[in-house]
Each structure stands twice: as structure tokens, then as C-alpha cells.
Amino acid sequence: MAAFRFSQVDVFASRPLGGNPVAVVHGADDLDDSTMAAFARWTNLSETTFLLRPTTPEADYRLRIFTPGGELPFAGHPTLGSAHAWLENGGRPRRAGAVVQECAAGLVTLRLADTGIAFAAPPLIRFGKVDEEDLRLAVTALQISPADLVASSWVDNGPGWMGLQLTDARLVRELRPDFSRFEGLRIGVIGAYPEATGGSHTPGTPVDRPADFEVRAFVPGIGVPEDPVTGSLNAGLAQWLIGTGAAPEKYTVSQGTQLGRAGIVGIEKAGADIWVSGATSTVISGSLEI
């Protein structure tokens, strides 16, 4: 058995233990695929990551991301949490104020600021109209009426997201999906709170309007029926909704409400990039033997 440094980081939390945890294994170059997959199943978190040496000079490190059901080319909250753990354990970026992550989806740039870490939304690999059959399956699985649906689009930056905009945040929070009907779909839903203005979230605001939008992410095919707080989905939704004018260029998202979490995701368009940000804090650190 070999020993590795280990971190468990809470990401997107607006209060202690309110976000989405990610398990991070440092210096994992000698671990094989089957061991990584087995450890991810064992943690039973939505994602477990492994930090490795980069294979390109542009990157600061390479990241592999596993769910209990398999490997992902990209995911948002593991990206933020792993960058936090890498920096906290002595990682030194090649460029001041930024970190470049190599992953299966390519290079992802993260910016470092006093307010926290943010990643630039990666390019969408599938975007545009959802065909009628997939949309029918989604409406059936979510147990909603077609009248509850405002718009739909593929917003896939690696995990396979279908994005659905519903009439309001209340409906998003009240969803009771039938997970037996998803047939492999990974569905993200978003709805606006009344009078969404795109302003910054202020701690202590009423729970009935914690942010500008409410989001939920349903992924029963990877062993996690509902992901608590999801960076990749919010990145894709932002590219879609800001691009169509359905969302302002700066807004906040609440996610995890129905799971007893208090996740807050910040979205901001700056120039050509859309940045996804959130709080990160290490909850567990130590050593791991595999």
C-alpha cells in the first residue's frame, strides 16, 4: 500500500458544511485507473479527484475526475475544490493570479482573487435544440407539464448536460423526479426568483429568495441521483441563458436547497469569458493509504 496526501474540500458553501464536498488525492501519478475508480466508489461522493503532474507545459497540474459511476472529462466543483487543495498544499502557479488545469476536456483557466477562485466556462461540446423525443423523456422523468417549460438546450461541456428553463424557482424547488424514467439523461433545471436583478448574494437574505436563480442537477446514471451544487452545469446554463438574453451578465444561483445544502454559485461575464465562482474551504486533511 502507498500513502498519499488527502483533502476533502467543501465547494460553493454559503455556510459551514453547506456546499458540495470533493475528495482530492494528491500526487496520484502512480495510481492506476481501477484503483482511482474503486476509491471514488468508496468515498461515495458526487466526485473524487486525483492530482497528477501535467503533460503540457501550459498547465500547472493535471486532474482526473471520477464519480461513483465512472470518469468525467470535466466537472466544475471538483475543479474549484482541487485547485484550492493544490494551492493549500504548496502548489505554485506558473502565472501570477491564475491556475491552469489540464483535464480530459482540455485546459481550464482559473483566476485567483480575494473573493475566491473562479473558472472560465469551457467550450460547449454539444449545444442547441433538444429533439422532441429527448424533451418528452425529460418532461416525463421530471413529472412536469410541457407548460412548465420555458426553453431547452443542450449545454454539454463534458458531463452531458441537457438544460431546461422552467417558469420559476418555486417549481424547480418542488420537482419530484421519477429517476426510473431518465434513461441515461443528465438534466439540469433552472428557474428565476421574482425580481431577479443579477446582484450579489448577501448572507442572511430570506431563504425564499437566496439568489437570483434556483438550479437542480439530476444525474441518476452516475450513482448520484441529485448533485448538490454543480459548477459544470451552471457554466453551461450561463453560456446558454446569457447568450440568449434570458439571464443578466452577472447573477447568483442557489443550489442544493432540497438536499439541505446552501450552495451559492456566482456567475459573471467578463469580455468573452463567463466565470463561475464559489467559496472553497478544506474540511478534512491528512493522509490516505490505498
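1. For counting charges, Lys and Arg are taken as positive and Asp and Glu as negative, with His and the chain ends left out. On that basis, this protein carries 23 positive and 32 negative side chains. The centres of the two sets lie 2 Å apart. Do keep in mind that you are looking at a predicted model.

2. Now for the overall fold. You can find five helices and 18 strands in the protein. Its radius of gyration is 18 Å, close to the 19 Å that the globule rule gives for 290 residues, so the protein is as compact as a globular protein of that length. The C-alpha trace spans about 55 × 40 × 35 Å along its principal axes.

3. Of the 290 residues, 54% are buried. The protein exposes about 12400 Å², and carbon and sulfur atoms supply 50% of that area. Among contacts with a separation of 6 or more, 63% join residues 24 or more positions apart.

4. Which residues of helix α3 (residues 132-142) are buried? They are Asp134, Leu135, Leu137, Ala138, Val139, Ala141 and Leu142. The cover over these buried residues includes the strands β10 (149-156), β11 (161-166), β12 (186-192) and β13 (213-219). In an α-helix, residues three or four places apart point the same way, because there are 3.6 residues a turn.

5. Finally, look at both ends of α3. At its start, a side-chain oxygen of Asp131 comes within 3.2 Å of the backbone nitrogen of Glu133. Just after the helix, Gln143 has a positive phi of about 60 degrees.

Terms used. Residues numbered from 1 in each chain as written. Predicted model: local features only at pLDDT ≥ 70, side-chain atom pairs only at ≥ 80, totals over all residues. Heavy atoms only, no water. Helix = DSSP H or I, 4+ residues; strand = E, 2+ residues; numbered from the N terminus. Rg over C-alpha atoms; globule rule 2.2 N^0.38 Å. Buried < 20%, exposed > 50% of the residue type's maximum accessible area, 1.4 Å probe, protein only. Contact = heavy atoms within 4.5 Å. Areas by Shrake-Rupley, 256 points an atom, 1.4 Å probe, with all protein chains shown as cover. Charge placed at Lys NZ, Arg CZ, Asp CG, Glu CD. Polar contact = N/O pair within 3.5 Å; in protein donor to acceptor, adjacent residues only side chain to side chain.
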